[in-house]
Amino acid sequence: MPGSERTAVVVEDDDDIRELITHSLTMQGFEVAAAASGQAGLDLVMANDPDLVTLDLGLPDLDGIEVCRRVRDVSQAYVVMISARTDEIDRLMGLEIGADDYLTKPFSPRELQARVNAMFRRPRAVRSSTDVAPSGSNGSAPTAAATPAPPPAGEQDAALLTHGRIAVDAEARVVTVDGREAELTRTEFDLLTTLLSAPRRVWSRAVLLDSLWGPGWSEEHLVEVHVGNLRRKLARLGPAGGRAPIRTVRGVGYRMEEPDAF
Ligand code: CA
């Protein structure tokens, strides 16, 4: 049933919860395929190329984290990780497994629907497969280690946002640091572009939560964890020992730092 229909793969070994999620997403207009194990779920992802994957952390065969990583390798789907434990979710976010959102059991169908709606309101990645294909297929000398050329000054593409070493191609949804691509999740990408949209502004956690997930959420610690991951990923590509230019404004939220620092 391909076509314009949105498709989802539900991976959950608990029969009741799998039914609940399947029903909930079907009501939301998804064509749903469900699996009770990690391997069966991966097979469905390969076969269906879904727009959305919900993934239980505790599966009988494979670790949910491993399944998530493998889904990420082959799919651009939105991934929602589901776990019974809040502390487990905090740990998962720290592992940068590439999920787009996290839900704690028990959750209501309405809560799941709201999360899914919020994710799908954000722009989808439009990277073509050639953008992510490994380079160097032409057999020429490796160029990955070469120093990237600095972007020409004063020649700003409309869709290109720069801040020091960081360049954001909003259209392709690609972020680079010194020309090297940062592997950001959608949430991290949206967070960065939001901060950069008004770099001198102090963004409160509540406002960021609102702009990224839509109104009605109060889990401000989610913002902290995503900011932490974003900082780490940016810093990793920057100069040794450098800090990503996102400053914590105590008791309030975050703002971009002057780009000369990074
Ligand atoms: Ca389970």
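**Reading a helix pair and a buried alanine**

Guide: The protein exposes about 13400 Å², of which carbon and sulfur atoms supply 51%, with areas taken from the Shrake-Rupley method with a 1.4 Å probe. This is a predicted model, in which local features need pLDDT of at least 70 and side-chain atom pairs count only at pLDDT 80 or more, while totals for chains, interfaces and linings use all residues. Residues are numbered from 1 along each chain as its sequence is written, and side-chain values use heavy atoms, leaving out hydrogens and water.

Visitor: How are two packed helices described, and at what angle do the axes of H7 and H8 cross?

Guide: Two packed helices are described by the angle between their axes and the distance between the axes. Here the axes of H7 (residues 186–197) and H8 (residues 205–213) come within 10 Å and cross at roughly 125°, where axes are lines fitted to C-alpha atoms over the stretch in contact and angles run from 0 to 180 degrees between N-to-C directions. H7 and H8 are therefore oblique to each other, since angles under 35 degrees count as roughly parallel, over 145 as roughly antiparallel, 65 to 115 as roughly perpendicular and the rest as oblique.

Visitor: Which residues of H7 and H8 make the contact?

Guide: Contact means heavy atoms within 4.5 Å. On H7 the residues are Thr187, Asp190, Leu191, Thr194 and Leu195, and on H8 they are Leu208, Ser211, Leu212 and Trp213.

Visitor: Is Ala33 buried or exposed?

Guide: Buried means under 20% relative accessible area, exposed over 50%, and partly exposed in between (1.4 Å probe, protein chains only). Ala33 has 15% relative accessibility and therefore counts as buried.

Note on methods. Helix = DSSP H or I, 4+ residues; strand = E, 2+ residues; numbered from the N terminus.
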